[in-house]
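Dear colleague,

A summary of the findings follows it.

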Amino acid sequence: MFLEQIKTAEEEWKERHKDEISQAEAVNAACEDGIPLKVLYTPSDSKADFYAEVGFPGDFPFTRGNDAAGYRKKLWTISHYAGFGSPRETNVLFRKMIDHGGVPPYMALDLPTQLGLDPDHPMARGEVGMAGTSVTSLRDWETIFEGIKLEDTFVGTVINAPAAVFLAMHVVLAEKQGADLKKIRGNLQNDILKEFTARGNFIFPVAPSLRLVTDTLEYCAQHLPAYWPLNVCGGHYPEAGANRVHEVAFAFADAFTYIDDAIRRGVNIDNFAKGIFFLMKTNHTDLLEEAAKFRAMRKIWATRLRDHYGAKDAETMKCRVLAHSGGSLLTRERPELNIARTTLACVAGVLGGIQLIGLRTMDEVFGIPTEKSELIAIGTQHVVAHETGLPDVVDPLGGSYYVEALTAEFERKVLEELERIERMGGMVKAIECGYVRKAIAQDAYRTHRAWENGDKVKVGVNKYQIEENDPPRQPYAYKPEEEQRQLEAVRQLRRERDNAAVDQALKRIVETAQRPAATGNNLMPPIIEAVRAYATIGEICGALRRVFGEYSEPTSF
Amino acid sequence: MSTQQRKIRVLMGKPGLCGHDRGIVLVVMALRDAGMEVIYSGRHNSPESLVEVAIQEDVDVLGVSILAGGHLSLCERIATLLRERNAQDIVLLAGGFIPPEDIPKMKAFGVREVFRDGARLEEIVQFIEKVATERAAA
């Protein structure tokens, strides 16, 4: 009855403002992923069964939030990501942060480490210690955590292809410290599938890469229950150019692939899925769609975990989202406006009710951020958290005709994309046949052309430009002597350690890798033994390379 | 015209370990849209393999993209290898996250032009058309 009345009233309103509305409708407004936008939303646009679809916060399907009291229960975590120098410098920084009551930030590693290459490998030349710390063996891990009790410290590591080696180093060091493995907390990125399509730091082909992820999930479910062995990174997709629907659909498709593999291995869903976090982007563009995205993610995840995977524990069904604002949307032109962009990105994340937010600094488009700009990025979040009143009410957009319609449409498009991938035979197939890369490239090309021809506005770049010069830049802290030092360190290590024990351990890795993946044939135990014998990351990954080969990416778009 | 004009041939690739390829993929697509024959060699190429493929494929232009800070040493090695193989007539272009003060150094060791991350696709297309025409006339 009410809906009928509204529909009639809406028709009458349209008639009264015919000219204005038809003019506005002639401008084709749409979100970047193609979701069309009406001029106005009314109750006739939202679903009739609002409470079944949307429900209450803290209850299934969690559209309105994971917790009943939202940010009144706990404010989102204000995060920051920092770069480091050598293992020794990293140790000094970690101890300083712990002394100040904080936790160490996520550890960034250099590219040779991320690709399983020792500093003396020819491909490592010029890149050692460049994009993060160089970690070659357990010896470096011991240096980084000298004087730090692992039992008391959450350690986050941005590592993917060789994640199993890092888990092994952590386990061995914890054992050496006499720690209770059940209390060890930490997090690996460990999301190899997005490396093949978006981030690019892959080593082995897809199937054995997936096996390594499952081996770490299984090992943690058995031995390190407090450890979070996997962050599924949707956020790398939009940085590579993907639109928002692809960001979420690909992240979920990746996550379901890991879950399917772990379940095939016989791991119980309620034993490991709580340790899966999503690392997404929160961006200011199409801001309300960004908030709707996080709402839709929770609903899709909870529904799939309960109905498809048979999760019983409500905690397993909660989609936990950590998000950073996107670096690719920041501009070198009028860089102060980047503060406005990241402020709005923060607001989008808060309106979406997510668990952690990290903002980019205004000057990182020029190089390593200044301390001043880092403080601005953190202060921006403090303003949103303490001056706006946004955290006072759970899911403030819930019930908005527009945002509910957007959430429902977004969910529909993500499910449609997930079905497309399932029809292809799943995400592994979609990656191997080049579909995912092609979809991302086409999204990126479309957006880029729209920026270049001015269809999409980038303030300061294609509109409202002002004359200015690049401000002085913070140079990269590249020190050739650091490369030399790591090179000498690895040579010294090879002289000092028991090389027979290393060879024996590497042989066991090869034998285990040659047998099919299965419980009882997990690669973690032999990798742990190799790490204990001070085998290097290049040697361990080299042993795996001999069995698994290397991935060669499809290059057509 | 009786003889068919040869299409401009370009090898695009990422040397070193940097995995960021959004920019280079955009350029690959734009060059193809402009009618060029583009070979994209993907990520994780050694300077040696890029130079080898460039010579084997008889390209007019070798374009490389680096965003993780290794541009100076990688470009210098590629330029040196091109000279050693007597293939310095292949036009070497670089792109990516490159600070302005490094551009003169890169040009000094043989990079013909550097397109920073704000460059327009059209600008790159036109530059390649120009140098390829010059090369064909030489």
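In chain A, V232(A) has F278(A) of β5(A) as its bridge partner. These residues belong to a parallel pairing in which four bridges connect β4(A) with β5 (residues 276-281) of chain A; strands count as paired if DSSP finds at least two bridges between them. Strands (E, at least two residues) and helices (H or I, at least four) are DSSP runs, numbered from the N terminus.

The model is predicted: local features need pLDDT of at least 70, side-chain atom pairs count only at pLDDT 80 or more, and totals for chains, interfaces and linings use all residues. Residues are numbered from 1 along each chain as its sequence is written, while chains are lettered from A and ligands numbered from 1 in the order in which they are written.

The open sheet of chain A has five strands, ordered β1-β7-β6-β5-β4, with parallel pairing.

In chain B, strand β1 (residues 9-13) is largely enclosed by the rest of the structure, because four of its five residues are buried (20 or more other C-beta atoms within 10 Å of the residue's own, C-beta atoms being placed from the backbone). β1(B) pairs in the parallel sense with β2 (residues 37-40) of chain B over four bridges, and V10(B) stands opposite V38(B). Four bridges also link β1(B), again in parallel, to β3 (residues 61-66) of chain B, where M12(B) has G63(B) as its bridge partner.

Conventions
Buried ≥ 20, exposed ≤ 12 C-beta atoms within 10 Å, placed from the backbone.
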